[in-house]
Amino acid sequence: MTTDHLSTTFAALADPTRRAILARLAKGEATVNELAEPFSLSLPAVSKHLKVLQRAGLVSQGRRAQWRPCRLETAPLHEVANWMEDYRQFWDESYHRLDEYLRDLLMQGQEQGKENPRD
Amino acid sequence: MTRVFDAPRELVFQAHIDPRHVPHWWGQRSSTTTVDVMDVRPGGAWRFVQRDPEGNEYAFRGEYREIVPPERLVYTFEFEGMPGHILVETITFEERGGKTTITTTSLFDSREDRDGMLESGMESGATESWDRLAELLERLQKQATARTS
């Protein structure tokens, strides 16, 4: 059985610093130093975040980590987006059905009320 | 996710916790939903099975965490076909002028204990509303596509 990539991706996204790193990389490649700049984080701390993102397949980096730029890889994002879309559609449809069902229930209640009016 | 229903809050809440109501609305229209387990109390389990026209079954399950009628419901949600990524759903029910607004917030429960690939630098699941995450993903994908084209 293959690794549950979706969970790894969600976990990688579940941090505001990592999301900010991804947002920066979406604009173009950056070195680790460039990524660390906007945050008051040490390089090791940024590297730790990058490792999580790399493990999720969201970021790729050249071998000489300090100097080679990091780039955003979007395949995991597509997977998440597809999953979310399915999930949203599931609930969209469920709530649509709930809307109709509630109307039915309320109408039945009204009809019962008419048949058995209270004195 | 937010949705408004033309019904009183008590009824909308009941539709969520009464096993007699659930099969009438929960899940895709093309499939039939069966309530397998529904123990509505904190710590109680729920499990619904959807059966599509071809006879394939898809099971969903979770555990109730908070039940505060008619205003709040918190439970976990997991698709058995994709075990391990569990969502914690919080639903609030507000009524105004006979109409009920339900607001659902989904929290990604990161299973770092189960997923040995994650380092200790990982923080536990973010409280991110669905819409904000969807927006972020859209933006990231668009920007990345624009960059490569």
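Tutor: A nonpolar core is a set of buried Ala, Val, Leu, Ile, Met, Phe, Trp, Tyr and Cys residues joined through C-beta atoms within 7 Å. Please note that the model under discussion is predicted.

Student: Which residues touch the most other members of the largest nonpolar core?

Tutor: That core has 23 residues, and those touching the most other members are Ala12(A), Leu22(A), Leu25(A), Leu53(A), Leu58(A), Val59(A) and Leu72(A). Two or more residues each come from helices H1 (5-13), H2 (16-26), H3 (32-36), H4 (43-55) and H5 (75-115) of chain A, and likewise from strand E2 (70-72).

Student: With which residues is Leu53(A) in contact, leaving aside its neighbours within four places in sequence?

Tutor: Leu53(A) is then in contact with Ala12(A), Arg18(A), Ile21(A), Leu58(A) and Val59(A). A second, separate core holds 16 residues, among them Phe5(B), Ala7(B), Trp26(B) and Phe48(B).

Student: How many helices and strands are there in chain B?

Tutor: Chain B has two helices and seven strands, following the pattern β-α-β-β-β-β-β-β-α along the sequence. Of its 149 residues, 22% count as buried.

Student: Why do the buried residues of H1(B) line one face of the helix?

Tutor: In helix H1 (residues 9-17) of chain B, the buried residues are Arg9(B), Val12(B), Phe13(B), Ala15(B) and His16(B). Viewed down the axis of H1(B), these fall within an arc of 155°, so they line one face.

Student: Which peptide bond is cis, with omega near -5°?

Tutor: The bond from Pro69(B) to Pro70(B) is cis. Pro70(B) lies in the loop between strands E4 (57-68) and E5 (72-79) of chain B.

Methods. Residues numbered from 1 in each chain as written. Chains lettered and ligands numbered in written order. Predicted model: local features only at pLDDT ≥ 70, side-chain atom pairs only at ≥ 80, totals over all residues. Buried ≥ 20, exposed ≤ 12 C-beta atoms within 10 Å, placed from the backbone. Helix = DSSP H or I, 4+ residues; strand = E, 2+ residues; numbered from the N terminus. Arc of directions from axis to C-beta. Contact = placed C-beta atoms within 7 Å.
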